[in-house]
Amino acid sequence: MAAATASFAFSRLLSSATKPHLTSASTSLLPANHRSLAFSSSISPLRIKNLRLTHRHAIRYSTTPKISATISVGDKLPDATLSYFDSDGELQTTTITDLTKSKKAILFAVPGAFTPTCSQKHLPGFVEKSSELKSKGVDTIACISVNDAFVMKAWKADLKVGDEVLLLSDGNGDFTKAIGCELDLSDKPIGLGVRSRRYAMLVEDGVVKVLNLEEGGAFTSSGADDMLKAL
């Protein structure tokens, strides 16, 4: 129960990074005769009935945030160097080109190693479904996080991950920034700083074929089952 509570609380924390809020600034987009409605709870039915609705497009600006990234389907991934520890405990590096050239690869990113949703659902899901994914022609499955290689090594050991999924460190966030998937959590009390949005992408010969990008740290469309459906 404690783990479930922690996961729920952490998901709410990450999701709030992009959740819109109605402020006095956003209400300036409303017509003058609408502004009082935004913060009033004592409006009579008669006033609402007689209110003339105008400038309807302005009201839409403070609704659902747009989820976007620099990279999109059809784009070639920028090259970047990522690090990891091999099975002998030696620090190694690889590149996006090495991972994807003439290959079919699934790259997925998590906001942070050891965080609840990433540890309990996202990474374990790909470990569990790795055989199914590879039976459909996937050559490489890699998890990317803006954590250092030592943290990724410890996380891998803690979850007892074998060679099903390659855990890669984007320690300085160079790849994450290059594809426009930064998630700034600097103002959150947990102190994560700038991390990566959660996503999963199918890449063939360096070109993005499928991109499931989540809002903040939400986990709704970037799991292993979602990628299986896309194959």
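**Overall architecture and local features of the predicted model**

The protein chain comprises ten helices and nine strands, taken as DSSP runs numbered from the N terminus, with at least four residues (H or I) for a helix and at least two (E) for a strand. The structure is a predicted model, in which local features need pLDDT of at least 70 and side-chain atom pairs count only at pLDDT 80 or more, while totals for chains, interfaces and linings use all residues. Residues are numbered from 1 along each chain as its sequence is written, and side-chain values use heavy atoms, with hydrogens and water left out.

Of the 231 residues, 41% are classed as buried (under 20% relative accessible area; exposed is over 50% and partly exposed lies in between, with a 1.4 Å probe and protein chains only). The chain exposes about 12500 Å², of which carbon and sulfur atoms supply 52%; accessible areas follow the Shrake-Rupley method with a 1.4 Å probe, and for residues only the protein chains shown count as cover. Among contacts (heavy atoms within 4.5 Å) with a separation of 6 or more, 64% join residues 24 or more positions apart.

The largest nonpolar core contains 23 residues, and those with the most contacts inside it are Phe108, Leu123, Phe126, Trp155 and Val165. Such a core is a set of buried Ala, Val, Leu, Ile, Met, Phe, Trp, Tyr and Cys residues joined through side-chain atoms within 4.5 Å. At least two residues of this core come from each of strand S3 (104-110), H6, strand S4 (140-145), H8, strand S8 (199-204) and helix H10 (224-230). Helix H6 supplies the largest share, four residues. A second, separate core of 20 residues includes Ala109, Ala142, Met201 and Leu213.

Two aromatic pairs were identified, with rings of Phe, Tyr and Trp (its six-membered ring) paired if their centres lie within 6.5 Å, and planes under 30 degrees apart counted as stacked, over 60 as edge-to-face and the rest as tilted. Phe108 and Phe126 form a stacked pair, at 4.0 Å centre to centre and 10° between the planes. This pair links distant parts of the chain, with Phe108 in strand S3 and Phe126 in helix H6, 18 residues apart. Both Phe108 and Phe126 are buried.

Helix H6 (residues 116-128) also contains Cys118, which an unreviewed UniProt entry lists under "active site"; UniProt positions are given in the numbering used here, feature names are shortened, and annotations may be inferred rather than shown by experiment. Cys118 counts as buried because its relative accessibility is 0%. Beyond residues up to four places away in sequence, Cys118 touches Val110, Pro111, Gly112, Leu123, Pro124, Trp155 and Arg198. The contacts of Trp155, counted with the same exclusion, include Val110, Cys118, Leu123, Cys143 and Leu167.

Glu164 occupies the loop between helix H8 (149-158) and strand S5 (166-169) and is partly exposed, with a relative accessible area of 24%. A polar atom of its side chain lies 2.7 Å from the backbone nitrogen of Gly162. Not counting residues up to four places away in sequence, Glu164 touches Val127, Ser130, Lys134 and Ile141. The C-alpha atoms of Glu164 and Ile141 are 7.3 Å apart, across 23 residues in sequence.

Most residues other than glycine have a negative phi. Lys160, in the loop between H8 and S5, has a positive phi of about 55° and counts as exposed at 72% relative accessibility. Ser102, in the loop between helix H5 (96-100) and S3, has a positive phi near 55° and is likewise exposed, at 63% relative accessibility.

Key. A polar contact is a pair of N or O atoms within 3.5 Å; within protein, one must be able to donate a hydrogen and the other to accept it, and residues adjacent in sequence count only if both atoms are side-chain atoms.
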